[in-house]
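I record here what I looked up in this structure, entry by entry.

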Amino acid sequence: MSKIFTPTNQIRLTNVAVVRMKKAGKRFEIACYRNKVVSWRNQVEKDIDEVLQIHSVFTNVSKGQVAKKEDLIKAFGTEDHTQICKEILSKGELQVSDKERQSQTEQLFKDIATTVADKCINPDIKRPYPVTIIEKAMKDAHYSVKPNQSAKQQALHVIKLLKESIPLERAKMRLKVNFKGKAAKKIKEKLTKIESAEIESEDRQDDEITIVFVVDPGHFKDIDSMVKSESKGGALLEVMAYKEMVLGDEHL
């Protein structure tokens, strides 16, 4: 009776998430646990054993074909499978099924809409939009999500896009700056030149001035740098509220 031999360079794995990379004209793949690749890339998961199903580099995971030593050295300069796995895990492309890809795309679409709704208001009534309205506006604008960009990155682009179709603006933050001396006049002049800045109150006591104003969050870093520069560290910039909007009868 003849024996059936299994090639020594073949390993069978099931229910895996595959991360693929092409290098030096060859395709290399690693077998990972589902939902762990993103956690590793976000540095939530730090144990490589929790991510990799096996510390081996393949040319084809589904067929169990392990990469040859000479191909690994040529492409990566080493035959250390774990080291190579980490590089592929970091830079490779995660392979997902059509159903998984659709689910991820739908979730990312919702995350973008939620981020936009959280950061913006309808300037006419100073109220936030429901997420469903933002989702509809995104669909009407035929926005296509980018799978390799975060929801936050895409939200900034979506805000600019939706401004063309609906009344939309970033919810402003309320700041208070306290300063005195010769810098007071310069700082106030520069604040009034910022397009989105609205001064709500100004209190003067001798040579000391306290100004409360609201401004687009995108200007915060510039204002902070300007205040520090003009006052040489002598002024105090304080964040009073991260959002300036109306909810019901409440003013936040």
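**Salt bridges**

I looked up Lys-176 and found that this residue forms a salt bridge with Glu-238, with the closest N and O atoms 3.7 Å apart. I use the term for a side-chain nitrogen of Lys or Arg within 4 Å of a carboxyl oxygen of Asp or Glu. Lys-176 belongs to strand 8 (residues 172-180) and Glu-238 to strand 11 (residues 236-244), so the pair ties together parts that are 62 residues apart in sequence. Helices (H or I, at least four residues) and strands (E, at least two) are DSSP runs, numbered from the N terminus. Lys-176 is partly exposed at 27% relative accessibility, and Glu-238 is partly exposed at 35%. I call a residue buried under 20% relative accessible area, exposed over 50% and partly exposed in between (1.4 Å probe, protein chains only).

I note that the model is predicted: local features need pLDDT of at least 70, side-chain atom pairs count only at pLDDT 80 or more, and totals for chains, interfaces and linings use all residues. Residues are numbered from 1 along each chain as its sequence is written, and side-chain values use heavy atoms, with hydrogens and water left out.

I then looked up Glu-79, whose side chain meets that of Lys-69 in a salt bridge (3.7 Å, N to O). Glu-79 sits in the loop between helix 2 (69-76) and helix 3 (81-91), while Lys-69 is in helix 2, 10 residues apart. Glu-79 is partly exposed at 41% relative accessibility, and Lys-69 is partly exposed at 47%.

Within helix 8 (residues 220-231) I found Lys-228 and Asp-224, 4 residues apart, about one turn of the helix. Their salt bridge has its closest N and O atoms 3.3 Å apart. Salt bridges that share partners also join Arg-20, Arg-27 and Glu-29 into one network. I record 13 salt bridges in the structure.

**A loop residue**

I looked up Asn-35 in the loop between strand 2 (26-32) and helix 1 (37-41). Asn-35 counts as exposed, at 71% relative accessibility. The C-alpha atoms of Asn-35 and Ala-17 are separated by 8.3 Å, and the two residues are 18 residues apart along the chain.

**Overall figures**

I record 8 helices and 13 strands in the protein. Of its 252 residues, 37% count as buried. Among contacts (heavy atoms within 4.5 Å) between residues at least 6 apart in sequence, 64% join residues at least 24 apart.
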